[in-house]
Amino acid sequence: MAGARDAGRAAATGARPGKRRRGPGPGPEPEPEPQESSLACAAAPSLRDDGDSGLSGSEESVFSGLEDSGSESSEDGPAEGEDEVSSDEGRGGTEKTTRQQVQREITVDREEGRERGREAGPPLSREPDAGLDPRTLRSRPEPKAAAQPTEPPRRPYTRAGSPPPRTEVASVQGQDEYAEDSSDEEDIRNTVGNVPLAWYDDFPHVGYDLDGRRIYKPLRTRDELDQFLDKMDDPDYWRTVRDRMTGHDVRLTDEQVALVRRLQSGQFGDRSCDPYEPAVDFFSGDLMLHPVTNRPADKRSFIPSLVEKEKVSRMVHAIKMGWIQPRRPRDHTPSFYDLWAQEDPDAVLGRHKMHVPAPKLALPGHAESYNPPPEYLPSEEERLVWEQQEPGERKLNFLPRKFPSLRAVPAYGRFIQERFERCLDLYLCPRQRKMRVNVDPEDLIPKLPRPRDLQPFPTCQALVYRGHSNLVRCLSVSPDGQWLASGSDDGSVRLWEVATARCMRTVPVGGVVKSVAWNPRPAVCLVAVAVEDSVLLLNPALGDRLVAGSTDQLLSAFVPPEEPAAQPARWLEASEEERQGGLRLRICHGKPVTQVTWHGRGDYMAVVLAAAGHTQVLIHQLSRRRSQSPFRRSHGRVQCVAFHPLRPFLLVASQRAVRLYHLLRQELTKKLRPNCKWVSSLAVHPAGDNVICGSYDSKLVWFDLDLSCEPYRVLRHHKKALRAVAFHTRYPLFASGSDDGSVTVCHGMVYNDLLQNPLLVPVKVLRGHVPTRDLGVLDVAFHPTQPWVFSSGADGTIRLFS
């Protein structure tokens with residue numbers, strides 16, 4: 001048997017030079033070196049022996065499955081050990097024996113050895129090595145090929161005198177047809193069969209090969225960073241998937257990617273399949289002579305069935321015995337029932353005994369008669385009025401008519417409609433009597449304090465200031481409460497004494513006065529008047545002469561800068577003639593001015609211009625005579641502005657919203673939504689935490705800045721548009737003036753406790769102005785120290801209510 005093995009090995013080794021490749025130039029093929037054949041002869045028995053002590057790391061990986069489980073494959077090139085041998089031995093143009101060819105030779109050798117061993121005698125004893133660790137096998141020293149140069153080649157297990165198989169020689173000499181397996185079957189490297197791979201999740205191997213050795217899983221030592229680098233560097237990362245059978249990464253081809261995309265989009269996997277191909281009708285609509293199959297009818301189709309005969313006989317017997325009754329004919333007559341005839345005693349209506357009878361029709365009267373009395377017959381005017389009324393407003397649903405006899409009465413046209421309405425009344429009648437809840441209307445009204453407990457507040461008209469010949473648009477009270485300034489459409493500004501209603505001075509300004517504002521500083525006697533496109537600063541010279549003189553000195557102490565900066569407004573000094581009339585400065589804007597208001601400290605004033613764009617609001621500084629535009633863009637038509645009494649805030653009211661700007665930070669702090677159509681006026685509480693707005697749709701909106709951007713309370717005390725609102729500086733009072741000619745005074749208490757909401761109570765409606773040209777009260781203002789309110793109206797009068 002040893003001789004047979006040596007002969008087979010010699011045949012296998014001798015056939016190997018036939019695989020050599022020719023050199024680059026013409027000529028005979030170089031003879032193989034004896035050292036290469038000695039290496040092949042030396043390596044073959046070491047791989048075939050029963051003991052595995054002589055296996056190298058690379059060779060052991062071939063048989064144990066490590067070559068297929070993560071080490072370099074035979075397609076990528078020769079292993080490192082082969083490169084070293086080829087470099088050491090100096091192989092130039094000779095062909096290198098690949099690992100796959102050596103593996104196939106040894107596999108064939110082993111298969112034939114097993115067959116010959118079974119035929120010849122008992123099998124050779126082998127040391128089991130299926131359970132060895134592949135790392136231990138790698139660590140074993142490799143046998144030196146040069147140490148056994150004279151060992152004769154061994155033959156495989158063949159019978160004596162039988163030549164080696166030709167298939168082995170052919171596979172070595174010719175090209176290996178199994179080098180690349182492109183079949184769609186399972187990978188031939190994994191021979192575990194159809195076994196769930198989840199069984200091997202906790203083991204380092206994935207199964208066993210044909211020799212009983214473990215097939216180890218590929219070593220995966222790549223962390224997430226390596227995977228991320230592969231994802232960034234490898235352009236084919238997106239089409240690489242992992243094969244669970246072998247553990248290798250498989251790169252999908254373009255055909256496989258296209259197949260996956262078609263399946264994901266709900267298309268057919270086969271590209272050549274046409275789901276919309278025309279259908280071929282197997283049966284046609286044409287009458288044919290022969291049937292489709294042209295098969296003659298069976299004999300049983302002409303003979304009565306015995307099974308059916310038995311069924312019929314059983315049914316006849318059941319009918320005779322009365323077990324089967326014939327179906328009764330359906331009664332198509334409609335059935336009616338009374339909804340109120342029976343009541344379930346267990347129901348709610350039965351327990352409470354609250355049965356409601358069906359409503360009855362009203363009995364006919366004289367108007368329903370065909371010959372009514374003459375007083376029931378309507379005249380032509382009453383007929384026209386009845387036709388113009390809505391059906392729900394008419395007292396009768398018909399017009400009484402008179403006929404000479406009963407046989408002349410035509411058919412009633414509304415008979416079907418009235419019957420239908422009667423059925424609806426019966427069907428929709430309440431089935432349960434509901435007890436009325438006796439609620440006192442006084443309990444529904446919120447508990448408010450009595451007005452006499454909220455005094456003082458203005459209750460009656462005290463004085464009337466007459467002198468203007470046209471409607472008085474605006475008014476303002478001096479800080480000490482002694483003087484009153486008013487502007488009118490007659491082109492003049494009048495200064496009044498509050499206590500006596502005497503006009504102390506009249507200043508003609510030559511235009512319609514839109515706004516008047518008294519400087520809030522007691523040490524400055526100055527009035528700002530908005531006329532056309534200018535703001536006039538007047539010194540009325542009323543009261544203390546020292547205050548008037550100090551005001552002139554303050555204005556004359558200004559020193560203009562050497563290089564004047566560009567400003568949106570021009571500051572002009574008044575002429576001598578104008579100074580005698582009280583004018584000191586003129587601020588020209590080039591656009592109509594609609595409002596002017598002072599800051600609490602008296603140095604700044606805000607002006608609203610009737611123009612589109614971001615220059616609708618300008619702020620002027622009196623001490624430096626400087627003007628600036630605080631906004632870069634516009635958020636709509638600006639109606640009015642107001643300074644916050646305590647903080648550096650500016651409130652700007654547009655037609656639909658009120659915006660609160662922080663002047664130092666130059667940013668929008670809050671946006672209030674009044675939920676009204678058009679804001680007309682604005683006022684800020686002296687504490688600064690509450691704001692009221694008047695609108696042209698007869699609403700007064702109260703905002704609590706600490707509570708929400710939505711209105712805290714909406715008051716609808718007026719019937720027409722609101723023109724002005726105002727807060728009292730000392731008392732918890734606020735007032736609103738409307739086009740209906742009334743002034744409504746309300747008590748508005750604001751508490752220091754933030755958890756307690758403001759108390760709003762209307763206390764008095766003051767009337768006295770006569771509406772003129774659909775205009776009533778145009779402006780209201782409180783006295784700074786007394787609970788008095790001033791109002792100016794379209795009738796050209798100013799009224800004081802105390």
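Modeller: Let's start with Ser742: setting aside its neighbours within four places in sequence, it is in contact (heavy atoms within 4.5 Å) with His718, Ser736, Gly737, Val765, Leu766, Arg767 and Val777. Keep in mind that this is a predicted model, where local features need pLDDT of at least 70, side-chain atom pairs count only at pLDDT 80 or more, and totals for chains, interfaces and linings use all residues. Numbering starts from 1 along each chain as its sequence is written, and side-chain values use heavy atoms, with hydrogens and water left out.

One name on that contact list deserves a second look. The side chains of His718 and Ser742 are also joined by a polar contact of 3.5 Å (N or O atoms within 3.5 Å, one able to donate a hydrogen and the other to accept it; residues adjacent in sequence count only if both atoms are side-chain atoms). Ser742 has a relative accessible area of 2%, so it counts as buried (under 20%; exposed is over 50% and partly exposed in between, using a 1.4 Å probe and protein chains only). As for where it sits, Ser742 belongs to strand β29, residues 742-749 (a strand is a DSSP run of E, at least two residues, numbered from the N terminus).

Now for the rings. The count comes to 7 aromatic pairs (rings of Phe, Tyr or Trp, the last by its six-membered ring, with centres within 6.5 Å; planes under 30 degrees apart are stacked, over 60 edge-to-face, the rest tilted). One of them is Phe631 with Tyr661, a tilted pair at 4.6 Å centre to centre, with 55° between the planes. Phe631 lies in the loop between β18 (626-628) and β19 (638-643), while Tyr661 is in strand β21 (residues 658-662), so the pair ties together parts 30 residues apart in sequence. Both Phe631 and Tyr661 are buried.

Then look at Trp678 and Tyr696: their ring centres are 6.4 Å apart and the planes meet at 75°, so that pair is edge-to-face. Trp678 is in the loop between β22 (667-672) and β23 (679-684), and Tyr696 in the loop between β24 (690-695) and β25 (700-704), so this pair ties together parts 18 residues apart in sequence. Trp678 is partly exposed because its relative accessible area is 36%, and Tyr696 is partly exposed at 35%. Elsewhere, ring pairs link Tyr465, Trp496 and Phe790 into a cluster.

Inside it, β16 (residues 604-609) and β17 (residues 617-621) pair in the antiparallel sense over 5 bridges, and Met605 stands opposite His620 in β17.

Conventions
Helices (H or I, at least four residues) and strands (E, at least two) are DSSP runs, numbered from the N terminus. Two strands pair if DSSP finds at least two bridges between them.
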